[in-house]
Amino acid sequence: MTFRSGFACFVGRPNAGKSTLTNALVGQKVAITSGRPQTTRHVIRGIVHRADAQLVLVDTPGLHRPRTLLGERLNDLVKDTLTEVDVVGFCIPADQRVGPGDRFIADQLAELARDRQGTPVVAIVTKADLVPRPRMAEQLVAVSQLGEWADVVPVSAQDGFQVGELTDVLVGHLPEGPALYPEGELTDEPESVMVAELVREAALEGVRDELPHSLAVVVEEIVPREEPARDGTPMLDVRVNLFVERDSQKAIVIGKGGARLRDVGSQARRGIEGLLGARVYLDLHVKVAKDWQRDPKQLGRLGF
Ligand SMILES: Nc1nc2c(ncn2[C@@H]2O[C@H](COP(=O)(O)OP(=O)(O)OP(=O)(O)O)[C@@H](O)[C@H]2O)c(=O)[nH]1
């Protein structure tokens with residue numbers, strides 16, 4: 001039996017379902033998902049372990065037209081990622097017509113293909129559960145006409161439709177080679193990044209549209225306490241800063257009398273305790289960093 005291993009990454013316009021698909025393939029939550037566009041700030045890898053292959057998924061931020069400095073950095077990140085993988089998955093949602101955003105990405109992929117000597121691109125029509133079959137058939141035709149794809153695969157991360165088939169297709173494009181990571185490892189993201197993602201996700205839950213672009217989360221420290229809890233569980237102090245751009249946004253995050261921030265804290269804490277396998281004291285601070293998205297110094301400080 002030949003063993004294959006290598007890297008894949010998903011691109012697609014914001015909200016195309018890339019993070020959710022990554023989670024569905026890996027089978028455990030590793031990447032942030034939310035109903036808000038452009039919330040994936042970091043390249044997060046999930047690893048699919050199979051008897052015949054190891055597929056390392058790199059979850060990229062949405063490829064989009066740069067509007068701010070932050071947007072430009074994200075696009076650079078995406079392009080760097082694209083040149084390092086064995087196969088690219090281009091996600092297009094089934095429930096929305098192919099539009100200018102998809103065409104923009106298709107053009108970028110065609111441009112990159114010229115330098116990369118044919119890294120295969122698999123077109124993935126996501127959210128199959130949201131449309132009836134005739135509409136899916138139309139979408140598959142529209143997507144086929146959008147560019148030169150190695151395959152076109154419809155999939156639903158929600159109900160698992162074709163998730164296994166998609167893995168087969170992606171694995172088929174990997175070179176022969178040994179496993180790259182030990183079994184059981186799901187992500188090589190440092191813990192602090194995953195902690196920041198959990199806080200960010202909780203803080204974005206149910207708030208206004210402008211906030212996702214204006215919220216940066218930085219984990220200041222994760223410190224183990226010398227004394228474990230009475231039942232022997234280790235205890236950690238986790239200190240996290242949430243940066244927003246304006247006082248009005250700070251008020252949104254904190255909520256009336258701090259109620260919202262307390263909810264954010266308890267939701268994030270549950271996730272962090274699950275992730276780190278310890279009891280956690282989570283200390284959240286909301287700070288205003290004016291126009292951080294446009295300021296190179298601040299971007300550096302915030303880890304972008
Ligand atoms: N019904 C349905 N909804 C889905 C599916 N996949 C993703 N979604 C929803 O679509 C929205 C966007 O999904 P994400 O996975 O966050 O999208 P993304 O492409 O990673 O978004 P960005 O991080 O903004 O680039 C979320 O509300 C998901 O719950 C699916 O297969 N079926």
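This is a predicted model: local features need pLDDT of at least 70, side-chain atom pairs count only at pLDDT 80 or more; totals for chains, interfaces and linings use all residues.
Residues are numbered from 1 along each chain as its sequence is written.

The protein has ten helices and nine strands, where helices (H or I, at least four residues) and strands (E, at least two) are DSSP runs numbered from the N terminus. Of its 304 residues, 37% are buried, and a residue is called buried if 20 or more other C-beta atoms, placed from the backbone, lie within 10 Å of its own.

The largest nonpolar core holds 39 residues, and within it F90 and I124 touch the most other members; such a core is a set of buried Ala, Val, Leu, Ile, Met, Phe, Trp, Tyr and Cys residues joined through C-beta atoms within 7 Å. At least two residues of this core come from each of β1, α1, β3, β4, α3, β5 and α5. Another core lies apart from it and has 25 residues, among them M194, A202, V217 and V286.

Let me turn now to the sheet of β7, β8 and β9. These three strands form an open sheet in the order β7-β8-β9, with mixed pairing, and two strands pair if DSSP finds at least two bridges between them. Because β7 (216-224) and β9 (279-288) stand at the edges with a single partner strand each, one side of each is left without a neighbour in the sheet. Strand β8, residues 235-244, pairs with β9 in the parallel sense over ten bridges, and V240 stands opposite L284 in β9.

Helix α6 (residues 191-204) lies across β7, β8 and β9, and runs at about 125° to β7; axes here are lines fitted to C-alpha atoms, for helices over the stretch in contact, with angles from 0 to 180 degrees between N-to-C directions.

On the α6 side the contact includes M194, L198 and A202, and on the α9 side it includes A268, I272 and L275, two residues being in contact if their C-beta atoms, placed from the backbone, lie within 7 Å.

Definitions and conventions. A residue is buried if 20 or more other C-beta atoms lie within 10 Å of its own, exposed if 12 or fewer, and partly exposed in between; C-beta atoms are placed from the backbone.
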